Amino acid sequence: TSPVHAHAEEKKRVVSGKREFYVSFNQLQPVKAIVARKRPKKTVSTINVQRKTKSQTEFQSNQANTLVKKCSKERSMNLTENAVQTTFPIHHKPKISTLLQKDHHVIGQPTVCPFNEKLFSEQRLESLDIHPHSKKNIADLLNYTRLTMVQSMAIPKLLMGNDALIRSQTGSGKTLAYALPLIERLHAIRPKICRTNGILAVVIVPTRELAVQTYELFLKLLKPFSWVVPGYLTGGEKRKTEKGRLRAGLNIIIGTPGRLCDHIRNTESLKFLNVHWLVLDEADRMLELGYEKDIKEIIDAIRTGKKVDSAGNFHTLQTVLLSATLTTSVKELAGLTLHDPVCIETSEIIHDKIPSFEDGIQHFGELLNMNEYVSLPATVKQRYMIIPPKLRLVVLSGLIAFEQRQKPSKILVFMATQDLIDFHYNIMVEILTIQKRHAANEHVKNDSHEEDDLCHVSGMENNKECNILLPNVKFFKLHGRMTQIERTSVFQTFRKTKAAVLLCTDVAARGIDVPLVDLVVQYHAPHMLADYVHRVGRTARAGESGKAILFMEPAEVEFIQYLSSKHIRIEEQKSKGIFMHLGQLLKTYHKRNIMNTEQCSFELQHRYEQLVSKEKELFNGASKGTYVNM
């Protein structure tokens, strides 16, 4: 409390043999406050106060003295803090400083030795026993000269007609490993096949985007063999259009489980009489999405619809199952669909534990007893950040700004729900970029009062462009509620853009190959280990380098220990370094007035809050999300 002068009378009395002293005050006189000798720990804000000019310092001192005279004993203890707060005339300041300065739980992680997989083999493309036109076509269109490990192991076995279970890390070229042998077998058939031969191969994938991407790869590989006709069947496309393709005749079908089952039930022109090849790509993801019944229905339809030869035997069916993780459900599906398969495994740990593995190839039986494990590219740097909920959006904005200021980057941000993606996309586009959301919101941008409020920064009120924070960065969103035309357009545009951010659900987490993704951000922690693996696998593909950051709440830290137990090496990244770049992002006029960490985070948070509070659509969008960052 503030010390005061008083006239006291000292009295003594004895209670239970002990002497006590107490003081009673007879007169109270007001005097000037005395500053405590123990000085508070200096913060960046305090240092900025000391750098003020002499006139500003005298003015603040007079304000402080006035406050002391009016404040009670308890309030006088906060004299220093109040003086600092008056330095920054920002209204409605939330108490977020303690969240920035708070030290979160220290996570004890054991020394982790990740499972390693060699990506490229020594085998050259020219050494494969395939058609010369295929070799030249792959070299010209795909720029391949060397094969990856999974390709060098799988292609010869699949050319021999074996069923196979293929497990390899993300971005290792599994699609080409099965597509090339399939095409080699088809174009070698004599007389040449045509549309009237019907469906000869079925490829099942979990998502529409992966179906389109796989179809595009088949088109490239089939350029020298134009008489083989591929096609795709996915949700979001018009059934009438797809039925027209089936009636015209397709030799290779790439489809999602749900749409294939729909055509099996309702399209008479879909016949499986001549199917010789069945591929289940990203099998673990299809099972996680609940497609197990649909897959079994498709397999039963293919087996029951096959033609019987003159000897009374069904035509052989070569089945290939591919996955980046060998979960229990994947092993069960493999046991039901594969006949005497070989296992293609590229992990060195499996070779060490099963000595009978030869060149990464073994029969399926011994692999069934192996525990689940995961492998990620050695070129990806994995980090996590412990972030309180209300700072998550600000940290994401700062992280995007930090990456884009270093170099134009492609960033994937995975979120939990479709509503969250819509909400974050709308507010981030409005605050961080010069993009326009849609015409219905144009009145917001033309409201001068609102623009002034959103652009409020100390000394920056007259800067008309202050909320154009990332003018050269494009934002995109991708989720299952969008139409197929929208999804395809977003996917293709994002692949071609150099500096872009894609907010997406797990619809983009499996198999999709986006060239040169620099950073993957998991805005919400995944529910399953396989989801974590496939999200991270969108970067550092085909030997490139990449980064992955996982946002964690303080209550979710046990997940980090779980990842360590699975031999995944992940380290903590502090958020302070990201906030340091927000001062430049917010465009202060003078270097000496660059805002500190607390002020930068508050200013950006303030802009988001003001925008949401003024727009009913955004406010309702925040309410719909299962997680709100305000």
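Tutor: By class, 7 nonpolar, 1 polar and 1 charged residues make up the lining of the largest cavity. Here Ala, Val, Leu, Ile, Met, Phe, Trp, Tyr, Cys and Pro count as nonpolar, Asp, Glu, Lys and Arg as charged, and the others, Gly among them, as polar. The model is predicted, so local features require pLDDT of at least 70 and side-chain atom pairs count only at pLDDT 80 or more, while totals for chains, interfaces and linings use all residues. Residues are numbered from 1 along each chain as its sequence is written, and side-chain values use heavy atoms, with hydrogens and water left out.

The lining consists of Leu158, Tyr178, Pro181, Leu182, Arg185, Trp277, Val279, Gln318 and Val320. Two or more of these residues come from each of H8, strand E9 (277–280) and strand E10 (318–323); H8 gives the largest share, 4 residues. Helices (H or I, at least four residues) and strands (E, at least two) are DSSP runs, numbered from the N terminus. The space in this cavity is about 60 Å³, and the model has 4 cavities of 30 Å³ or more. On a 1 Å grid over the protein atoms alone, a cavity is a set of points where a 1.4 Å probe fits but cannot get out; a pocket is an open set with protein on both sides within 12 Å along at least five of seven lines, and lining residues have an atom within 4 Å of a point. Grid points are joined across faces, edges and corners, and a volume is the space filled by probe spheres set on the points.

Helix H8 (174–187) also supplies at least two residues to the lining of the second largest pocket, as do strand E4 (146–148), helix H9 (208–221), helix H16 (392–406) and strand E18 (546–552). That pocket has a volume of about 1,200 Å³. Its lining has 45 residues, of which Tyr144, Asp513, Pro515, Arg541 and Ala542 are the closest to its centre. H9 gives the largest share, 6 residues, and the lining as a whole has 13 nonpolar, 17 polar and 15 charged residues. Because domain 1 (120–368) and domain 2 (381–436 + 466–627) both give residues to this lining, the pocket lies between them; the domain bounds come from an automatic or database domain assignment.

Proline 191 is in the loop between H8 and strand E6 (201–204), and a cis peptide bond, with omega about -5°, joins arginine 190 to proline 191. Alanine 540 is in the loop between helix H21 (529–536) and E18; its phi is near 55°, a positive value in a residue other than glycine.
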